[in-house]
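Student: Could we go through this model together? I would like to begin with its helices and then turn to the sheets.
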Amino acid sequence: MMKPLNAETIALVKATVPALAAHGPVITKTMYRRLFVREDVRALFNQANQGDGGAQVHALAAAILAYAQNIENLGALTPVVERIAHKHVGYHILPEHYPFVAEALLGAIAEVLGEAATPEIIKAWGEAYWFLAEILKGREAVIREEILQIEGGWNGWREFVVADKVRESSVITSFILRPVDGKPVLRHRPGQYLTFRFGPAGEPVMKRNYSISCAPNGDHYRISVKREANGNGGSRFLHDHVDIGDVLEVTPPAGEFFLPDAPQRPVVLLSGGVGLTPMVSMIETIAVDHPGLDAHYVHGTMSSATHAMDAHVRSLAQQHGRITIANFYSDPQEGDAPGETHDVTGFITTDWLRANTPLHAADIFLCGPRPFLRNLVGELAGAGVSPDRIHFELFGPTDELLAA
């Protein structure tokens, strides 16, 4: 059992809360600069989230501040610890990597805070860092061991061949992935993601997370990826340069956002844009494994041109009999019409959900871009939906507002 932090360490860490609130992003930006001096360490991270204004810089600053504020009540940070642990498993970050982060973080605190970062403060933060690191390492070890105990489970990077490539809409393409070794694959929990390592020859390797868009089957995975014209390069590489027969490296399914094995309440699934990917995995699972479950799937996209997998989802709903579907188009194209191609023109609102779904009796799952989640998560909480029934997945680092 780990020795708890002593009262003096706790007091010193809490004393830094005002400085962290004022300078947190500068500290984390400085930390990453120090950390990425080593190319082997830099390669562990998703570089799309780094840099000036990078989402990870602000997300980590918020996490460090939350840790300092809650250092006497770490139970409040359990969801954050779980999310970080799953991300570390996905990126194959190992115990031996933690010292690099410790050195960079403590150096950044000293550099940014200057004389205010007394030796006592740095010592206290070192103890606090390693206390949390041991919690994370312990949880990550449990996750990895659980994965290995399941048929088809593996640790680290495993090669998968692209068995098929299917255009789902004007912007979304699906990739069917089968293991090169021909052995079974871990049956993921519907809603989880895979982490990939790929890139053009001679260029830095990219690491990206993509939600699995099929039900667990033990045989293959499917990811459905939006081509981001102005994005970070990962989606463009998959769309433009990865073809049937190509091989990608993948770590096991991870993530704390998933449909329960035995849902106890109706479910409302809300997605925006390519946020439909984990929802399709959930709907396929509900259609097969939960015949008595009441489910409501509400999706928002621009138009029929960008709307992926609609016929597939409607077919599953019809077969199941207790899944209702509603689609919102924010920018219908010529030929789109309410009642024909979609149900409502505009954006998903809490008022509509309150009138058309069992909002206060259901578990609610959301996935989509930050504006979509900021609006709906906040509105749902404001409408009185219990926070423990609002579950969301965000592509990339958790937004500070969402974390709050």
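Predicted model: local features only at pLDDT ≥ 70, side-chain atom pairs only at ≥ 80, totals over all residues.

Student: Understood. What covers the buried residues of α6?
Tutor: The cover of the buried residues of α6 includes α2 (17-35), α4 (55-69), α5 (78-90) and α7 (119-149).

Student: And which residues of α6 are buried?
Tutor: Y98, A102, A104, L105, G107, A108, I109 and L113 are buried in α6. As background, an α-helix has 3.6 residues a turn, so residues three or four places apart point the same way.

Student: How many residues has α6, and what span does it reach?
Tutor: Helix α6 (residues 98-113) has 16 residues. From its first C-alpha to its last it reaches 22 Å, close to the 22 Å expected at 1.5 Å a residue.

Student: What follows α6?
Tutor: G114 follows α6, and the phi of G114 is positive, near 60°.

Student: How is β7 joined to β8, parallel or antiparallel?
Tutor: Strand β7 (residues 267-272) and β8 run parallel and are joined by six bridges. Within the pair, V267 stands opposite A295 in β8.

Student: What about β8 and β9: in which sense do they pair?
Tutor: β8 and strand β9 (residues 323-329) pair in the parallel sense over seven bridges. T301 stands opposite Y329 in β9. The chain crosses from β8 to β9 through helix α10 (residues 310-320), and this β-α-β crossover is right-handed.

Student: Now the six-strand sheet. What is the order of its strands?
Tutor: The order is β4-β3-β6-β1-β2-β5 in an open sheet with antiparallel pairing. β4 (206-211) and β5 (221-226) are the edge strands, each pairing on one side only. From one strand to the next, the twist averages 40°.

Student: How many bridges join β3 to β4?
Tutor: Strand β3 (residues 193-198) is joined to β4 by six bridges, and the two run antiparallel. In this pair F196 stands opposite R208 in β4.

Technical notes
Residues numbered from 1 in each chain as written. Heavy atoms only, no water. Pairing = 2+ DSSP bridges. Helix = DSSP H or I, 4+ residues; strand = E, 2+ residues; numbered from the N terminus. Right-handed = clockwise from strand over helix to strand, strands pointing away. Axes fitted to C-alpha atoms, helices over the stretch in contact; angles between N-to-C directions. Expected span 1.5 Å × (residues − 1). Buried < 20%, exposed > 50% of the residue type's maximum accessible area, 1.4 Å probe, protein only. Contact = heavy atoms within 4.5 Å.
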